[in-house]
Amino acid sequence: EHVLWRLENGNFDGLKPKEIVIMIGTNNTGHVGRPQKENNGEVYQCTAQQTAEGVKAIIAKLQAKCPGAKILLLAIFPRGATPEDAFRKQTEETNAIIKTYADDKKVFFLDIGSKFLTADGTLTKEIMPDLLHPNEKGYEIWAEAIQDKVKELLK
């Protein structure tokens with residue numbers, strides 16, 4: 001959803017972070033209830049491979065702009081109520097690809113998706129009211145789940 005364009009057009013200029021945390025890609029899976037239209041009138045939706053290629057391009061752009069920064073690439077969070085949800089399955093396919101981008105030297109992969117799910121794999125509206133975007137409780141879970149890795153990478 002235009003992150004690469006933003007990186008190429010000044011939205012990251014002048015920044016010199018030691019670490020960058022990325023969690024991106026769910027919007028490329030598609031939109032429920034509000035399809036985005038491209039210029040040709042088609043509904044916007046990418047395959048797992050296309051989304052993964054976009055993530056790879058963003059990582060490459062960030063590495064070019066901030067060569068000293070470590071990148072913590074988070075798995076795309078689960079979406080949809082159940083493990084059978086088509087969006088959830090596509091997210092899992094994308095995550096299987098993007099986890100291979102980690103070299104554990106400059107790019108690190110972390111999957112915290114299970115932290116948002118019940119024991120049977122259900123994503124509840126208590127954590128993500130629209131089964132996509134975290135609420136305050138979801139953000140607390142997110143922060144707690146990554147804080148140790150963030151601290152480790154900053155050493």
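Buried means under 20% relative accessible area, exposed means over 50%, and partly exposed is in between, using a 1.4 Å probe and protein chains only. Keep that handy for the exercises below.

The model is predicted, with local features needing pLDDT of at least 70 and side-chain atom pairs pLDDT 80 or more, while totals for chains, interfaces and linings use all residues. Residues are numbered from 1 along each chain as its sequence is written, and side-chain values use heavy atoms, leaving out hydrogens and water.

**Exercise 1. Work out whether Thr 51 is buried or exposed, and find what it touches.**

Step 1: Thr 51 sits in helix H3; helices (H or I, at least four residues) and strands (E, at least two) are DSSP runs, numbered from the N terminus.

Step 2: Apply the cut-off. Thr 51 counts as buried because its relative accessibility is 4%.

Step 3: List the partners, taking contact as heavy atoms within 4.5 Å. Skipping neighbours within four places in sequence, Thr 51 is in contact with Gly 25, Asn 28, Cys 46, Ile 76 and Thr 94.

**Exercise 2. Find the largest nonpolar core and say which elements supply it.**

Step 1: A nonpolar core is a set of buried Ala, Val, Leu, Ile, Met, Phe, Trp, Tyr and Cys residues joined through side-chain atoms within 4.5 Å.

Step 2: The largest one has 18 residues, and Ile 20, Ile 22, Ile 59 and Leu 62 have the most contacts inside it.

Step 3: Assign elements. Strand E1 (19–22), helix H3 (48–65) and strand E2 (70–74) each supply at least two residues of this core, with H3 giving the largest share, five residues.

Step 4: Look for another. A second, separate core has 13 residues, including Phe 77, Leu 123, Leu 131 and Ile 146.

Step 5: Zoom in on Ile 20. Beyond its neighbours within four places in sequence, Ile 20 is in contact with Phe 12, Leu 62, Cys 66, Ala 69, Lys 70, Ile 71 and Leu 72.

**Exercise 3. Describe the largest pocket and the largest cavity.**

Step 1: Set up the grid. On a 1 Å grid over the protein atoms alone, a cavity is a set of points where a 1.4 Å probe fits but cannot get out, whereas a pocket is an open set with protein on both sides within 12 Å along at least five of seven lines; lining residues have an atom within 4 Å of a point.

Step 2: Take the pocket. The largest pocket has a volume of about 280 Å³, volume being the space filled by probe spheres set on the points, which are joined across faces, edges and corners. Its lining has 15 residues, with Met 23, Ile 24, Thr 26, Asn 27 and His 133 nearest the centre. H2 gives the most to this lining, three residues.

Step 3: Take the cavity. There is one cavity of 30 Å³ or more, and about 30 Å³ of space lies in the largest cavity. Met 23, Thr 26, Ile 76, Phe 77, Pro 78, Arg 79 and Leu 132 line the largest cavity.
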